[in-house]
Amino acid sequence: MAYAARLDNSRRFTTIAGVAAIHGLIGYVFISGMATSFVASVSKPFVTTNIPIDTPPPPDRIPPKLEKVTPQQPTKEVPPIAPLTHSVATPTDQVRIIEYTLPSFPLTGTGEAVTVTPPAPPVTVSKASGVAAIGNRGGWITTDDYPPSALRAEEEGVVGITMRVGADGRVTSCAVTAPSGHASLDQATCRLYQRRARFAPARDDGGTPVAGTFTDRVRWVLPL
């Protein structure tokens, strides 16, 4: 039994080896044939050929651009202009000045002539005025205002003053222009006028109040 088993195994091995050899031979032949065919196909030369290109036909000729022609209108004959019959004076370098006087027209039914004269220009009335005193100037200074020192010294005299009056009619300044020779009388005159005097302001040509001056004289006489 053991011998028979070894014999069967030996035959089986031989058979498998034979089959493997046959498959190997078939594979070699197949691979060799394909390699020969591939080498033959690769060794074939590659030839290039130029393909001629057809020449395109010439472009169609562009027709010339047609210009629009406007039909001409028939012209009318213009009659010749007749020459001027009057003459034109030629200017000269000299200028002649002609003086005219207004004519006189007779009145209807009387036969008398009336001379036409141009109207006189309007007269502009000026509204300008100077400073004017308001009220009684004699009541601005009385004997009751006599300075005591002048009474004791029995001083008398005439004082001339000039005052500056504003646009509101008030005295803004006073100056002695003609002194009396006594300082007490001069000072009292300006002081009292600035305190008591009332004025209407000066006005320009349009009537607008403006500043001005007012001049006055005061005589100081000792009371009896």
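Me: How many helices and strands does the protein have?
Reply: There are three helices and nine strands in the protein. Helices (H or I, at least four residues) and strands (E, at least two) are DSSP runs, numbered from the N terminus. In order from the N terminus, the elements go α-β-β-β-α-β-β-α-β-β-β-β.

Me: And what kind of model am I looking at?
Reply: It's a predicted model, where local features need pLDDT of at least 70, side-chain atom pairs count only at pLDDT 80 or more, and totals for chains, interfaces and linings use all residues. Residues are numbered from 1 along each chain as its sequence is written, and side-chain values use heavy atoms, with hydrogens and water left out.

Me: What's the average pLDDT?
Reply: The average is 74, and 54% of the residues score at least 70. pLDDT is the predictor's confidence in each residue, from 0 to 100.

Me: Where is confidence lowest, and where highest?
Reply: Strand 1 (residues 104-106) is lowest with a mean of 52, and strand 4 (residues 157-165) is highest at 97. Contact means heavy atoms within 4.5 Å.

Me: Switching topic, how many disulfides are there?
Reply: The count is one disulfide, going by cysteine sulfur atoms within 2.5 Å. Cysteine 174 is joined to cysteine 190, S to S 2.2 Å. That link is left-handed, with -70 degrees about the S-S bond.

Me: Which parts does the pair tie together?
Reply: Cysteine 174 is in strand 5 (residues 171-178) and cysteine 190 is in helix 3, so the pair ties together parts 16 residues apart in sequence.

Me: Is cysteine 190 buried or exposed?
Reply: Cysteine 190 counts as buried because its relative accessibility is 10%. Buried means under 20% relative accessible area, exposed over 50%, and partly exposed in between (1.4 Å probe, protein chains only).

Me: What about threonine 189, where is that found?
Reply: Threonine 189 is in helix 3 (residues 183-196). Threonine 189 is buried, with a relative accessible area of 0%.

Me: Which residues does threonine 189 touch?
Reply: Leaving out residues up to four places away in sequence, threonine 189 touches Ile141, Val159, Ile161, Val218 and Trp220. The side chains of threonine 189 and tryptophan 220 are also joined by a polar contact of 2.9 Å.

Definitions and conventions:
Polar contact = N/O pair within 3.5 Å; in protein donor to acceptor, adjacent residues only side chain to side chain.
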